[in-house]
Amino acid sequence: MPEGPEIRRAADSLEAAIKGKPLTDAWFAFPQLKSFESALIGQKVTQIETRGKALLTHFSHNLTLYSHNQLYGVWRVVDAGEHPQTSRILRVRLQTADKAILLYSASDIEMLTPEQLLTHPFLQRVGPDVLDMRLTAEAVKARLLSPKFRNRQFSGLLLDQAFLAGLGNYLRVEILWEVGLAAQRKASQLSEEQLDALSHALLEIPRLSYNTRGVVDDNKHHGALFRFKVFHREGKACERCGGVIERSTLSSRPFYGCPECQK
């Protein structure tokens, strides 16, 4: 499943295609959304917001399309009038004069009023988004030490969207390696120095992934780009201590780490 950085980059592509342009066509597969099709004609997408792995497409008449890709959903940008050949099932089509954005295979889709947006069950449940630049390491540290989270093992906590939205399995693995912590550790067991390092890594690594993942820039030092240090690298040498990276299963997901330096 894509994690927060991938969802945000997808939202960036959707915004670049249709933001601020009057909609010339709108189509929804689900009967409960059909009544919104005609009302969207002439409206504009003002913003596409991410909350972890959910997308909020805000329209100029104050309605918001909520969508969550779950396991199989995917957005695509195409030219206006284009209908790609695919085995995926089309759920949403929003079109302007020159571009259209298409949502395939997702099933968790709703149109929300401003009032419904404030009370939506998923949006009420998720924690702060790691890509929200207003979120600070100090706030993350306070969250780590809160009664709700301080005694939970990192193996499960870093996958829980109620803790921080946008984290997922590869980020869990890379963050814990970066700060040299085993997945079984808890915030209540850490020193101040460890808490500070973890709080910063929980923001810096997702943001580095969002900013540079997949980008090749010969003018940048290799270390400035996001790349996997342990994820999918079982059997290879740890870059920090030379130990052998191992693969296991934690919280029903593959986990990668170095048993030598992640204590």
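Axes are lines fitted to C-alpha atoms, for helices over the stretch in contact, and angles run from 0 to 180 degrees between N-to-C directions. Helices (H or I, at least four residues) and strands (E, at least two) are DSSP runs, numbered from the N terminus. The model is predicted: local features need pLDDT of at least 70, side-chain atom pairs count only at pLDDT 80 or more, and totals for chains, interfaces and linings use all residues. Residues are numbered from 1 along each chain as its sequence is written, and side-chain values use heavy atoms, with hydrogens and water left out.

**Exercise 1.** Describe how helix α1 crosses helix α8.

*Solution.* 
Step 1. The axes of α1 (residues 4-18) and α8 (residues 192-212) come within 9 Å, and they cross at roughly 40°.
Step 2. This crossing of α1 and α8 is right-handed; a crossing is left-handed if the near helix is turned anticlockwise from the far one by less than a right angle, and right-handed if clockwise.
Step 3. Helix α1 contributes P5, E6, R8, R9 and D12 to the contact, and α8 contributes P206, S209 and Y210. Contact means heavy atoms within 4.5 Å.
Step 4. The residues of this contact between α1 and α8 divide into 3 nonpolar, 1 polar and 4 charged. Here Ala, Val, Leu, Ile, Met, Phe, Trp, Tyr, Cys and Pro count as nonpolar, Asp, Glu, Lys and Arg as charged, and the others, Gly among them, as polar.

**Exercise 2.** Describe the crossing of α5 and α8 in the same terms.

*Solution.* 
Step 1. The axes of α5 (residues 137-144) and α8 come within 8 Å and cross at roughly 120°.
Step 2. The crossing of α5 and α8 is right-handed.
Step 3. A137, V140, K141 and L144 of α5 meet residues of α8 including L195, L198, L202 and L203.
Step 4. The contact of α5 with α8 comprises 7 nonpolar, 2 polar and 3 charged residues.

**Exercise 3.** Is L55 buried or exposed, and which residues does L55 touch?

*Solution.* 
Step 1. L55 lies in strand β3 (residues 54-59).
Step 2. L55 counts as buried because its relative accessibility is 3%; buried means under 20% relative accessible area, exposed over 50%, partly exposed in between (1.4 Å probe, protein chains only).
Step 3. Not counting residues up to four places away in sequence, L55 touches I7, L14, I48, E49, T50, L65, Y66, S67 and W75.
Step 4. L55 and L65 are 10 residues apart in sequence, and their C-alpha atoms are 7.9 Å apart.

**Exercise 4.** State how many disulfides the structure holds, and examine C238 and C261.

*Solution.* 
Step 1. The structure holds 0 disulfides, a disulfide being a pair of cysteine sulfur atoms within 2.5 Å.
Step 2. C238 is in no disulfide, and the nearest cysteine sulfur, that of C261, is 3.7 Å away. C238 is buried, with a relative accessible area of 4%.
Step 3. C261 is in no disulfide either; the nearest cysteine sulfur to C261 is that of C258, 3.6 Å away. C261 counts as buried at 17% relative accessibility.

**Exercise 5.** Where are N62 and S252, and what is the phi of N62 and of S252?

*Solution.* 
Step 1. Most residues other than glycine have a negative phi.
Step 2. N62 has a positive phi near 75°, and its place is the loop between β3 and β4 (64-68). N62 is exposed, with a relative accessible area of 54%.
Step 3. S252 has a positive phi near 65° and is found in the loop between β9 and β10. S252 counts as exposed at 71% relative accessibility.
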